[in-house]
Amino acid sequence: MNTTKKESLAAYGFLAPALLLLGLFLVIPALLAIYYAFTDYYLLTPDKRQFVGLANFIEIFKDTIFLQSLKNIVVFVLCVIPVQVGAALGLALLINKQRRGNIFFKVAFFAPVVLSLVVISVLWLYLLNPSEGLINSLLVNIGFDAQPFLSSPKQAMYTIVFVSAWQGAGYQMLIFLAGLQNIPGTVYEAAKIDGVSKWQNFIYITMPLLKPTSILIMITTLIGAFKLIIQPMVMTQGGPMNSTITPVYYIYQTGFSDRLIGYSSAMTVLFGIVIAIVTLIQSKVTKEENI
Amino acid sequence: MSKHGRKIVEYVFLIFLACIFVFPLVWMIVSSMKPEASIYLDMNSIKALLPSYNPSEWFQTYKALFSRFNVLQYVWNSVFYAAIVTIGSIIVNGMAGYAFAKFQFRGKKFLFGLLLVLLIVPAETIIITQFTVAHGIGVLNTRLAVVLPMMASMFFIYLFRNFFMAVPDEIIESVKLDGANQWTIFWRIMLPMSKPAIATVGTLSFIASWNDYLWPLMVLTDTSKFPLQVAITNINTTEPVYTNQVMAILTVSTIPLIIVYIIAQKYILQGLGGSGTGIK
């Protein structure tokens with residue numbers, strides 16, 4: 001055996017575990033989903049599986065719950081990005097200066113990041129309890145009306161937006177902070193000599209120099225937000241009146257609870273393509289911005 | 001004077017913001033340290049954010065919780081899964097990263113390109129067919145099913161590859177001359193040299209495994225194999241539900257993460273995924 005052949009063999013030996021696992025739990029499931037999407041596969045009767053063409057896809061677009069889930073996820077994405085990224089940027093700017101006790105504030109803002117999604121979902125479920133939760137007792141004590149929060153179809157999704165942003169902002173604050181600290185102090189000193197105001201400083205120096213960081217953060221938040229499932233699953237089970245059902249949650253319900261693998265797979269393919277396109281745009285933008 | 005006043009306003013504002021971020025955690029912990037009735041009696045005063053005045057009551061909830069549910073088993077399960085995923089992820093992704101960094105082999109470019117393409121497959125949307133695969137290979141309701149899908153990650157392979165590429169070939173060649181084979185080189189030279197990469201991959205894998213919920217919920221049916229995250233929702237729906245016990249299990253499941261975040265804080269930021277590793 002010559003050396004190159006030997007080297008190839010060794011290389012594949014090193015690659016084997018990773019390739020096997022990625023094949024089993026990523027490649028094969030992705031291909032299966034595409035295949036099943038064109039069948040009427042019902043988990044309990046695998047042998048009766050039949051090819052049904054585009055029937056599942058036609059059915060999806062008549063499925064009011066799926067359409068509702070798309071609407072919900074758009075609302076969630078459009079709200080959570082400005083709220084969470086805005087909060088993260090604001091917090092980073094606030095603590096990006098020499099101040100006694102700054103480390104305390106930094107730790108405080110970061111604290112919710114340490115909690116898992118399940119923990120924050122259960123915790124806020126209790127805090128937001130309409131009749132005996134801490135938030136409503138606080139609201140009533142300072143003179144507001146008690147709110148239904150998660151039990152109202154109008155408020156439930158916005159409540160989930162708030163809880164998600166509350167949990168995630170601290171992590172992105174740290175990334176913004178790293179970006180801010182990369183801006184050389186000499187830039188601001190030069191501006192000071194030119195008599196630039198604080199506000200002008202922010203608009204003309206800080207923001208442009210933070211652009212790559214901001215874009216990166218917004219796109220990762222966008223992709224993460226599209227896949228929302230744990231918070232509605234634990235807090236509202238998609239309700240009330242399907243106001244918090246999301247595509248990934250509906251894929252789970254139809255595929256796992258209702259065992260309609262074929263139908264669920266069609267949604268997987270459709271929604272997976274949407275996320276894949278967003279991810280592609282991300283890698284293109286990050287390359288152009290050179291981050 | 002005005003400068004002084006400004007400073008005070010600034011601090012008051014920061015403290016107000018800090019309270020918004022911290023009070024839920026405080027309420028979670030103190031509510032686990034008082035009798036059930038007190039939680040609701042205290043709701044309208046600052047006492048809601050203080051534990052019971054009687055320290056002998058502080059751990060009563062935990063005692064009750066631990067005797068009612070097999071919490072130690074859940075903690076052990078979570079530790080076990082997270083440890084296996086952490087070690088497995090370092091070895092599996094480290095080996096693959098080494099192959100891509102230091103070997104010339106047929107199909108290398110194609111394979112690497114293929115794996116980069118796989119980065120855009122959103123794993124969360126294919127849970128159903130992942131489940132059918134787990135069913136097909138006969139691992140449902142086993143501990144193996146919980147850990148296997150979490151071990152290989154394109155992002156971590158990429159991270160190891162970049163790290164190994166920076167290791168000079170001369171080091172490898174000189175050890176080869178001494179008669180060491182690739183397997184020994186990987187374990188004796190490469191891995192020990194890559195402590196920062198190991199720490200990053202290890203930390204992120206541990207946290208991901210500890211927080212994983214949906215997959216173990218799907219593949220496990222035996223409660224004795226549940227990790228803490230699944231146990232939480234189980235306890236939260238097992239009648240009678242006591243608020244202080246739920247808060248206690250939330251606290252128990254969070255403590256290990258607090259420790260991990262404190263020990264490994266400098267590796268956490270590297271997790272901002274994908275190809276964008278430009279945050280320096």
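Gln98(A) is exposed, with 5 other C-beta atoms within 10 Å. By the definition used here, a residue is exposed if 12 or fewer other C-beta atoms, placed from the backbone, lie within 10 Å of its own, buried if 20 or more do, and partly exposed in between. Gln98(A) sits in the loop between α3 (64-95) and α4 (102-110) of chain A. Its C-alpha lies 53 Å from that of Gly13(A), a residue 85 positions away in sequence.

Before I continue, a word on conventions. This is a predicted model, in which local features need pLDDT of at least 70 and side-chain atom pairs count only at pLDDT 80 or more, while totals for chains, interfaces and linings use all residues. Residues are numbered from 1 along each chain as its sequence is written, and chains are lettered from A and ligands numbered from 1 in the order in which they are written.

Let me turn to chain A as a whole. Chain A has twelve helices and zero strands; these elements are DSSP runs numbered from the N terminus, helices being H or I with at least four residues and strands E with at least two. The radius of gyration of chain A is 24 Å, well over the 19 Å that the globule rule gives for 291 residues, so chain A is more spread out than a compact globule. That radius is taken over C-alpha atoms, and the rule is 2.2 Å times the number of residues to the power 0.38. Along the principal axes, the C-alpha atoms fill a box of roughly 75 × 70 × 30 Å. Of the 291 residues in chain A, 41% are buried.

Next, chain B. Here we find 15 helices and zero strands. The radius of gyration of chain B is 24 Å, well over the 19 Å given by the globule rule for 280 residues, so this chain too is more spread out than a compact globule. Its C-alpha trace spans about 75 × 65 × 35 Å along the principal axes, and 41% of its 280 residues count as buried.

Chain B is divided into domain 1 (2-66) and domain 2 (70-271), with bounds from an automatic or database domain assignment. The C-alpha centres of these two domains lie 35 Å apart. Their contact takes 13 residues from domain 1 and eleven residues from domain 2, where two residues are in contact if their C-beta atoms, placed from the backbone, lie within 7 Å. On the domain 1 side, α1, α2 (36-41) and α3 (60-68) of chain B each give two or more residues. The largest share of that side, five residues, comes from α3(B).

How do α1(B) and α14(B) pack, and at what angle? The angle is about 115°, with the axes 7 Å apart; axes are lines fitted to C-alpha atoms, for helices over the stretch in contact, and angles run from 0 to 180 degrees between N-to-C directions. Met28(B), Ile29(B) and Ser31(B) in α1(B) meet residues of α14(B), including Met247(B) and Leu250(B).

Finally, the interface between the chains. The contact takes 67 residues from chain B and 70 residues from chain A. Elements of chain B that give two or more residues to this side include α1 (2-31), α4 (71-102) and α14 (243-263).
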